[in-house]
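User: Hi! I am new to protein structures and would like to learn how to read one. Could you walk me through it step by step?

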Amino acid sequence: MPLRITVLGTGYLGATHAICLAELGFEVLGLDTDETRVKVLGAGSLPFHEPGLEELLDSGLRSGRLRFTTSYPQRADSSAADMSHLWACADALAPRLTRPCLVVGKSTVPVGTAEALAERLARLAPAGAAAELAWNPEFLREGHAVEDTMRPDRIVAGVVSARAEAILREVYAAPLAAGVPFLVTDLATAQLVKVAANAFLATKVSFINAMAEVCEAAGADVVPLAHALSLDERIGGRFLVPGLGFGGGCLPKDIRAFGTTARELGVGSVSALLSEVDAINLRRRARMVDLALELAGGSLEGRAVGVLGCSFKPNSDDIRDSPALDVAGTLHGLGARVTVYDPAAMDRARLVHPELEYASSMLDAAAGADVLLMLTEWREFVDADPGVLGEAVAQRNIADGRSALDGGRWRAAGWNYRALGRPAATADEDSISLTG
């Protein structure tokens, strides 16, 4: 008989995990206090954009292995306003743990949280210490969540007993059979793995953007610089892409929380490092605004600006801490008439920035624009025909916030092409060969 698994919380992570576990053959119940979200999922729709996941949701519901329901009610004496969602969830869950079970934490939390949660469950649960806790951090990339869940690059299991390890091995039997590494650690290490990974990735992004700042000061080009660095196998090219920087619900939040944790642990140098990583990242947004100002002739008052992309990354409708939407909002504050188009994220963006205008297509966003900004590298934008877009705009000025466009191609079509960390002169760019 397959394991019965309950997933507490059906946001992006929880819903993805529940749906994929059902696809792996487990009987899965997704619990959430959000009645609307539960109804949407139960009807076979996703409340967020994630390629390939809706088909698996439909499959799980039709098979009967996947169900969604509203969470058990919280106690009347719960002081939810003074507690994190995690502690509220633990306090509501614990009285229902009447027999031996394994509670598995997947959220990104400060180190020490799991140990405190294990003690809390053991104290409050009728099953006592038989209600065991393990920590199994997730490494999902938005836009690739199905692949990352079904075929992860590693599985980390923070456990305190052989029984907990055995249960997690059963849950992940399919990927383990395919050769996915299974790393067994203590609870503290498991909690640190995710935040350490995110801190490293954020540092890599900010490093190449710091090099972009140097290139701008020196008249150099950060794109071939990044390419040269990527050919060093010790460095590699992933996340070494200059541009507008990172955003979303993980990297910014995690590096700030990790910095706070490091400071509380007395490791101030780590906190200082992560603070500078964050600062470099945020400076790229300001520099993008500067580029738009330069292309507009020094003032954005009354100028029309077309913005391509408002999600924090392509293949996602997530606008949390989106650099693109932040830049768009800033340009509006400087007097520009900003029109945004994004293939997936505009409904969410409207709720946060109702003052912006929203187009129904890329061409509509470009129509009459004095300046066009490419801020999220959706394939539709990368593959756009500069000649066709050139017929729609008022002036052929474009700033590439992701170093994703072929600058030579756009300049050949009569555009004034600018990009972060790149020189304005055509000859410097077009003479560089990026082979290998």
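Predicted model: local features only at pLDDT ≥ 70, side-chain atom pairs only at ≥ 80, totals over all residues.

User: Let's begin with sheets. What is the strand order of the open sheet of three strands, and how does the pairing run?

Analyst: First the general idea: strands of a sheet pair through backbone hydrogen bonds, either parallel or antiparallel. Here, the three strands are arranged in the order 1-2-3, with parallel pairing. Strand 1 (4-8) and strand 3 (66-70) are the edge strands, and each pairs on one side only. Direction ignored, neighbouring strands of this sheet are turned by 20 degrees against each other on average.

User: How many bridges join strand 1 to strand 2?

Analyst: Five bridges link strand 1 to strand 2 (residues 27-32), and the two run parallel.

User: What is the order of the open sheet of six strands?

Analyst: Its order is 10-9-8-11-12-13, again with parallel pairing. Strand 10 (357-358) and strand 13 (416-419) each have a single partner strand, so one side of each is left without a neighbour in the sheet. At one end, strand 9 (residues 337-341) and strand 10 run parallel and are joined by two bridges. Thr339 has Glu357 of strand 10 as its bridge partner.

User: Which strands pair with strand 11?

Analyst: Strand 8 pairs with strand 11 in the parallel sense over four bridges, and Gly306 has Leu372 as its bridge partner in strand 11. Strand 11 also pairs with strand 12 (residues 397-400), in the parallel sense and over three bridges. There, Met374 stands opposite Asp400 of strand 12.

User: Are the faces of strand 11 covered or open?

Analyst: Start with a general rule: in a regular strand the side chains alternate between the two faces of the sheet. In strand 11, Val371 and Leu373 lie on one side, Leu372 and Met374 on the other, and all of them are buried. Both faces of this strand are covered.

User: Which helix lies across strand 8, strand 9 and strand 11?

Analyst: That is helix 13 (residues 323-333), which lies across strand 8 (304-308), strand 9 and strand 11 (371-374). Helix 13 runs at about 160 degrees to strand 9.

User: What kind of unit do strand 4, helix 5 and strand 5 make?

Analyst: Strand 4, helix 5 (residues 113-124) and strand 5 make a right-handed β-α-β unit. Strand 4 pairs with strand 5 (residues 131-135) in the parallel sense over five bridges, and Val103 has Leu133 of strand 5 as its bridge partner. Strand 4 (residues 101-105) is mostly covered, with four of its five residues buried.

User: Now helix pairs. At roughly what angle do the axes of helix 11 and helix 12 cross?

Analyst: For a helix pair, look at the distance between the axes, then the angle, then the residues that meet. The axes of helix 11 (residues 251-264) and helix 12 (residues 268-295) come within 7 Å and cross at roughly 160 degrees. An angle over 145 degrees counts as roughly antiparallel, so helix 11 is roughly antiparallel to helix 12. Their crossing is left-handed. Among the residues that meet are Ile255, Phe258 and Ala262 in helix 11 and Leu274, Val277 and Leu282 in helix 12.

User: How are helix 9 and helix 10 oriented to each other?

Analyst: The axes of helix 9 (residues 187-218) and helix 10 (residues 222-230) come within 9 Å and cross at roughly 140 degrees. The two helices are therefore oblique to each other. Helix 9 passes helix 10 in a right-handed crossing. The contact includes Phe207 and Met211 of helix 9, and Leu225 and Leu229 of helix 10.

User: Finally, single residues. Is Arg418 buried or exposed?

Analyst: Buried means under 20% relative accessible area. Arg418 has 15% relative accessibility, so this residue counts as buried. Arg418 is found in strand 13. Leaving aside neighbours within four places in sequence, its contacts include Arg287, Glu294, Asp400 and Ala424.

User: And where is Ala424 found?

Analyst: Ala424 is found in the loop between strand 13 and helix 19 (426-430). With a relative accessible area of 45%, Ala424 is partly exposed. Not counting residues up to four places away in sequence, Ala424 touches Arg411 and Arg418. The C-alpha atoms of Ala424 and Glu216 are separated by 9.9 Å, although these residues are 208 residues apart along the chain.

Methods
Residues numbered from 1 in each chain as written. Heavy atoms only, no water. Buried < 20%, exposed > 50% of the residue type's maximum accessible area, 1.4 Å probe, protein only. Pairing = 2+ DSSP bridges. Right-handed = clockwise from strand over helix to strand, strands pointing away. Axes fitted to C-alpha atoms, helices over the stretch in contact; angles between N-to-C directions. Parallel < 35°, antiparallel > 145°, perpendicular 65-115°, else oblique. Left-handed = near helix turned anticlockwise from the far one by under 90°. Contact = heavy atoms within 4.5 Å.
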